[in-house]
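Subject: Structure handover

Hello,

Here is the structure you asked for, with notes on what was found in it. Please keep it open while you read.

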Amino acid sequence: MPGLYRKAEPMQRTAIYPGSFDPVTNGHIDIVRRGLKLFDRIIVTILHNPAKQTLFSVDERLELMELSLKKYPDVEVAAFDGLLVDYAVKRNAHAILRGMRAVSDFELEFQMSLMNRRLNREIQTVFLMTGLQWIFTSSSIIKEAARFGGDISRMVPQVVNQRLKEKFAAMRESD
Ligand code: PNS
């Protein structure tokens, strides 16, 4: 019967991909790239937490993220503070996207996703396993290697590699 089985309105599936991203790594980019196969739009959201000491300011992290993701039109880069689930609601997002590396990530990710679920049951957390290539890549370990001149060029976007070199050179000069 015409009209009985009406086609559902297409809903835009939006995910928030939150993190400190200090700085963005190729592992993060890989999660965004693969997340776009599941979601129509991803809002990469950089946590603004004045209590946490970071190497790059929020503005620097925003810029690095934007430059690293400029070829993805369905990705927006933003900063947030406060509760993540509130921000997700504000942005009409239905999901939180997170990458999971080794088992060591599991406990904290599990805690955070349960807390977010308790705070808002409408927002689902979706985990993507980090690509094998990036399993040992983390922003902290990259900063540690870069600080002492290690070659991290294959683990981060080119612009990040350059900016890390400049940052540590400036820090050495001011010592
Ligand atoms: O890259 P990180 O540091 O592992 O990201 C952690 C982040 C930003 C996802 C988490 O700290 C967060 O969501 N902070 C916002 C505050 C909040 O909503 N807390 C309650 C849920 S844990």
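In which loop is proline 23 found? Proline 23 sits in the loop between β1 and α1. Please note before going further that this is a predicted model.

The loop between β1 and α1

Proline 23 is joined to aspartate 22 by a cis peptide bond, with omega at about 0°. The loop between β1 and α1 also holds phenylalanine 21. Phenylalanine 21 is not a glycine, yet its phi is positive, at about 50°. Is phenylalanine 21 buried or exposed? Its relative accessibility is 5%, so phenylalanine 21 counts as buried.

Asparagine 92 lies in the loop between α3 (84-90) and β4. With a relative accessible area of 58%, asparagine 92 is exposed, whereas phenylalanine 21 is buried.

The protein as a whole

The protein has 175 residues, and 42% of them count as buried. There are 6 helices and 5 strands. Read from the N terminus, the order of the elements is β-α-β-α-β-α-β-α-β-α-α. The C-alpha trace spans about 75 × 35 × 30 Å along its principal axes. Take the contacts in the protein with a separation of 6 or more: residues 24 or more positions apart account for 77% of these.

Serine 139 belongs to helix α5, which covers residues 139-147. Its relative accessible area is 15%, and the cut-off for buried is under 20%, so serine 139 is buried. Which residues does serine 139 contact, leaving aside its neighbours within four places in sequence? They are Asp22, Pro23, Thr25 and His28. Two of these, Asp22 and Pro23, are the residues joined by the cis peptide bond.

Aspartate 30 is in helix α1. At a relative accessible area of 11%, aspartate 30 is buried. Not counting residues up to four places away in sequence, aspartate 30 touches Gly131 and Trp134.

Leucine 119 is in helix α4. Its relative accessible area is 41%, which makes leucine 119 partly exposed. Apart from neighbours within four places in sequence, leucine 119 is in contact with Leu83 and Val85. The C-alpha atom of leucine 119 is 28 Å from that of arginine 33, and these two residues are 86 residues apart along the chain.

How α2 and α6 pack

Two packed helices are described by the angle between their axes and the distance between the axes. For helix α2 (residues 58-68) and helix α6 (residues 158-174), the angle is about 150° and the axes are 10 Å apart. Because angles over 145 degrees count as roughly antiparallel, α2 is roughly antiparallel to α6. On the α2 side the contact is made by Glu60, Glu63, Leu64, Leu67 and Ser68, and on the α6 side by Val159, Val160, Arg163 and Lys167. By class, the residues of this contact are 4 nonpolar, 1 polar and 4 charged.

The pocket and the cavity

The largest pocket holds about 980 Å³ of space. It is lined by 39 residues, and those closest to its centre are Pro18, Gly19, Ser20, Arg98 and Glu109. Which element supplies the largest share of the lining? That is α4, with 8 residues. Elements that each supply at least two lining residues are β1 (14-19), α1 (26-35), β4 (95-100), α4 (103-119), β5 (124-129) and α5. The lining of the largest pocket divides into 15 nonpolar, 17 polar and 7 charged residues.

How many cavities of 30 Å³ or more does the structure hold? There is 1. The largest cavity has a volume of about 40 Å³. Its lining consists of Ser20, Leu47, Asn49, Lys52, Thr54 and Arg61. By class, that lining has 1 nonpolar, 3 polar and 2 charged residues. Ser20 lines this cavity and is also among the residues closest to the centre of the largest pocket.

Regards

How values were computed
Residues are numbered from 1 along each chain as its sequence is written. This is a predicted model: local features need pLDDT of at least 70, side-chain atom pairs count only at pLDDT 80 or more; totals for chains, interfaces and linings use all residues. Side-chain values use heavy atoms; hydrogens and water are left out. Helices (H or I, at least four residues) and strands (E, at least two) are DSSP runs, numbered from the N terminus. Buried means under 20% relative accessible area, exposed over 50%, partly exposed in between (1.4 Å probe, protein chains only). Contact means heavy atoms within 4.5 Å. On a 1 Å grid over the protein atoms alone, a cavity is a set of points where a 1.4 Å probe fits but cannot get out, and a pocket is an open set with protein on both sides within 12 Å along at least five of seven lines; lining residues have an atom within 4 Å of a point. Grid points are joined across faces, edges and corners, and a volume is the space filled by probe spheres set on the points. Ala, Val, Leu, Ile, Met, Phe, Trp, Tyr, Cys and Pro count as nonpolar, Asp, Glu, Lys and Arg as charged, and the others, Gly among them, as polar. Axes are lines fitted to C-alpha atoms, for helices over the stretch in contact, and angles run from 0 to 180 degrees between N-to-C directions. Angles under 35 degrees count as roughly parallel, over 145 as roughly antiparallel, 65 to 115 as roughly perpendicular and the rest as oblique.
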